[in-house]
Amino acid sequence: MTNPQEMPPAPALPRRLICSRCGTEFGCDLSGNCWCAEETARLPMPVKGEDCLCRACLRKAAADAVSWGGQA
């Protein structure tokens, strides 16, 4: 049997999330390489009662924040 201390760590799998706004399932890579890090929009998260948003809802929330005079 192989010594467990000699085995390389298993790669972290993206966690599966459900968008708080639309219910779409999407992945979040906790290693810091998540798709949302590539987005130019930056919103304060989480909004009360919400978790992460899918790409489409994040972009819509950012556009809505800009149209209401907020910053995204």
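**D64 and its partner.** I started with D64, which is partly exposed in this predicted model, at a relative accessible area of 31%. Next I looked for what the D64 side chain meets, and found K60, with a salt bridge of 3.0 Å from N to O. K60 counts as exposed, at 52% relative accessibility. Both residues sit in helix α1, and because they are 4 residues apart there, about one helical turn separates K60 from D64.

**Counting.** How many salt bridges does the structure hold? I get 4. A reminder to myself: side chains of opposite charge can pair when their charged atoms come close.

**R55 and E39.** I then turned to R55, which forms a salt bridge with E39, and the closest N and O atoms are 2.8 Å apart. This pair links distant parts of the chain: R55 belongs to helix α1 (residues 55-67), while E39 lies in the loop between β2 (25-28) and α1, 16 residues apart. Is E39 buried or exposed? E39 is buried, with a relative accessible area of 8%; the cut-off for that word is under 20%. R55 counts as partly exposed, at 32% relative accessibility.

**R16 and E25.** I noted R16 as exposed, with a relative accessible area of 53%. E25 counts as partly exposed, at 47% relative accessibility.

Methods: Residues are numbered from 1 along each chain as its sequence is written. This is a predicted model: local features need pLDDT of at least 70, side-chain atom pairs count only at pLDDT 80 or more; totals for chains, interfaces and linings use all residues. Side-chain values use heavy atoms; hydrogens and water are left out. Buried means under 20% relative accessible area, exposed over 50%, partly exposed in between (1.4 Å probe, protein chains only). Helices (H or I, at least four residues) and strands (E, at least two) are DSSP runs, numbered from the N terminus.
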